[in-house]
Amino acid sequence: MLADDYNPTNPPDPYTKYKVVTSATPAGYTSGGGSYLPGTEISISTSSAGVNYTFSHWTKNGEFYTNAVSFRYTVEPQRTEFVAVYEYNPANPSDPQA
């Protein structure tokens with residue numbers, strides 16, 4: 001908390017939960033999203049987006065965060081959005097077609 005945010009007549013709620021949102025682009029499955037108290041350590045992970053897609057990285061609030069498929073995160077006192085980014089990787093054109 002910043003010094004300018006301190007207001008003794010209206011203190012912050014000590015039990016305020018903050019939302020952690022997880023999603024995948026262009027598609028995929030994620031887990032770990034929810035509402036948590038600040039300082040709570042949570043697990044965030046993703047799984048396959050489907051055929052011809054491979055996991056690339058996670059972003060946090062639009063910025064690169066990690067290359068790990070799953071990770072532990074300590075909730076901060078703010079709304080946070082994690083996006084699992086998948087890249088399209090078509091089969092090698094020289095591969096025989098089934």
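Which residue in β8 is the bridge partner of His57?

1. The partner is Val85. The model is a predicted one. The two strands concerned, β5 and β8, run antiparallel to each other and are paired over seven bridges.

2. β5 and β8 belong to an open sheet of five strands, ordered β3-β1-β8-β5-β6, in which the pairing is mixed. The edge positions are taken by β3 (34–36) and β6 (63–66); each has a single partner strand, so one side of each has no neighbour in the sheet. On average, and with direction ignored, neighbouring strands are turned by 35 degrees against each other.

3. The count of aromatic pairs comes to ten. In one of them, Phe55 and Tyr86, the ring centres are 5.7 Å apart and the planes stand at 75 degrees, so the pair is edge-to-face, the cut-off for that class being over 60 degrees.

4. Tyr73 is buried, at 4% relative accessibility, whereas Tyr65, at 33%, is partly exposed.

5. Both pairs fall within one cluster: ring pairs link Phe55, Trp58, Tyr65, Phe71, Tyr73, Phe82 and Tyr86.

How values were computed:
Residues numbered from 1 in each chain as written. Predicted model: local features only at pLDDT ≥ 70, side-chain atom pairs only at ≥ 80, totals over all residues. Heavy atoms only, no water. Phe/Tyr/Trp six-rings, centres within 6.5 Å; stacked < 30°, edge-to-face > 60°. Buried < 20%, exposed > 50% of the residue type's maximum accessible area, 1.4 Å probe, protein only. Pairing = 2+ DSSP bridges. Helix = DSSP H or I, 4+ residues; strand = E, 2+ residues; numbered from the N terminus. Axes fitted to C-alpha atoms, helices over the stretch in contact; angles between N-to-C directions.
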